[in-house]
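Q: Please examine one part of the model below closely, and then place it in its surroundings.

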Amino acid sequence: MALFKGLLSVVFLVFTLAALLAGYCYHVITSPIPLTKEAVFVVHPGDTSYSLGASLSERGIIPHPVLTRISAKLHPEWVPKVGQYALKPDMNLLDVMALFDSGDSIFYSVTLLEGKTTQDYLTAMRAKGNIAMTLTGLSDDDVVQKLGLNYEHPEGAFFANTYRYHDGDTDVKILKHAHELLTKNLDTLWHSKADQLPYQSAYDALIMASIIEKETGVPEERPLIARVFISRLNKNMRLQTDPTVIYGLGESFDGNLTRKNLRSDSAYNTYKIYGLPPTPIANVGREAIEAALNPGETSALYFVAKGDGSHTFSDTLKQHNNAVRQYQFKRREDYRSSPDNVKQ
C-alpha cells in the first residue's frame, strides 16, 4: 500500500509539473512579446519553426526557442514565408507565427517618374539598395528577352508609376509589372483615340507620348503640344524637337545642344528625318498617352520655351522666330525648362 501511495504521489507530481509547464508555455505564447517599439525580423530561406525560435530567442523576443515549436504543433498548417516582417509590441508569439505564415511582409516603394529613360529607372531601383539588380550591364536585346517585352526595344516600355516591392525583389519583377501596366493603359486608350491620327500602330502613339512628355512638364500643355506635332506630321513637316536629338546623342551629350548636334546623323534627329524616331525616348504615364491619342485643338505649328517651364505657341514661322528672339536669345536670369511644381 505504501508503495502504491508513493507511485501515486509521483504520478500526481509529474502531472502537476506538466500542468504548470503547459500553463507557463501557454502564458508566454499568448502574452505580448517584450518589444517597446516596432522591430524588423527576417525569415530566411530554409528557416524552420525551431530556427525561427532560436533567432527570436537570441533577440530576447521569446525566452526559449522551443516555444515556436509548440506554436507550430498548435497550428501545423502554418508555413513561414521568406521575407521581412514588422513585429509590433502588442503582438504575441501566435500572432508572430501567423504573420510569418501569411507572407504579409514589409513593402517598400520605388517611384519611376514620367520622362525618365529605362536606364534612369535601373538607376533609381539600384539606389534603393534592397532590389536585386539583374539587368545592369545587359544589352537592349538581352533586356527585351529577359523581360519578355512586347517591343523590340526597352525604351519607353514601362509605365511611370510608384511600385511596391518586398526586400530582395528583382528589377525584373518590378519592370515586368510596369510593362504590363503600360500595355494595359496603351491598349485601353488606343481604342478610344481620336480620328485622323497619323499613327500606324499604338507603338507610334507611345513614341509620340514620350516626345510630348519630354517637351513639357505642364499638364495642360500636353494636348496642345500633341496637336502641334500631329499637325506637322500631317503636313509632312519635320518634328524638329530637341529632346529626340539629345536622346540620339546618348552619353556624348554634354548638356549644351549645339548647331552641330542638330546636323548630326541619327535616327532620332528629327531636324533631319521625317516622321517619328524609331523608338520612344523616355517612359511615360497615362496623361502623355492620352494627349498623344486625343490631342487638343490649336492651329499652331510651332512652340518655344518661355523660360518659366511653359511654352508660347505660334501659327507661322515668322511669329515663331519672333518668340525665339524674345524668349531664347535673351534668356531670363531664372530660366528653367520645367515649372516649379513639376517633379524632376
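Which residue lies over the face of F107, and at what distance from the ring centre? Please continue from there to helix α7 (residues 171-190).

A: R164 lies over the face of F107, 3.7 Å from the ring centre. A charge sits over a ring here if NZ of Lys or CZ of Arg is within 6 Å of the ring centre and within 35 degrees of the ring normal. The model is predicted: local features need pLDDT of at least 70 and side-chain atom pairs pLDDT 80 or more, while totals for chains, interfaces and linings use all residues. Residues are numbered from 1 along each chain as its sequence is written, and side-chain values use heavy atoms, without hydrogens or water.

Helix α7 has 20 residues, and at 1.5 Å a residue it should span 28 Å; its end C-alpha atoms are 28 Å apart, which agrees. The expected span is 1.5 Å times one less than the number of residues, and helices (H or I, at least four residues) and strands (E, at least two) are DSSP runs numbered from the N terminus. The buried residues of α7 include D171, I174, L175, A178, L182, L186 and W190. Buried means under 20% relative accessible area, exposed over 50% and partly exposed in between (1.4 Å probe, protein chains only). Viewed down the axis, the buried residues of α7 fall within an arc of 170 degrees, so they line one face of the helix; the arc is that of the directions from the axis to the C-beta atoms. An α-helix has 3.6 residues a turn, so residues three or four places apart point the same way. On the other side of α7, E180 and K184 are exposed. W190 of the buried set also has the charged end of K193 over its ring, 4.2 Å from the centre.

The buried residues of α7 pack against several elements, among them β3 (107-112), β4 (161-166), α8 (202-215) and α12 (286-293). Leaving aside neighbours within four places in sequence, M208 is in contact (heavy atoms within 4.5 Å) with Y199, F229, I230, L233, L276 and A292.

The whole structure holds 7 aromatic pairs, counted when the ring centres of Phe, Tyr and Trp (its six-membered ring) lie within 6.5 Å, with planes under 30 degrees apart stacked, over 60 edge-to-face and the rest tilted. The rings of F229 and F303 have centres 5.5 Å apart and planes at 75 degrees, so this pair is edge-to-face. F229 lies in helix α9 (residues 222-234) and F303 in strand β5 (residues 302-305), so the pair ties together parts 74 residues apart in sequence. F229 counts as buried at 1% relative accessibility, and F303 counts as buried at 13%. Elsewhere, F41, Y85 and F100 form one aromatic cluster.
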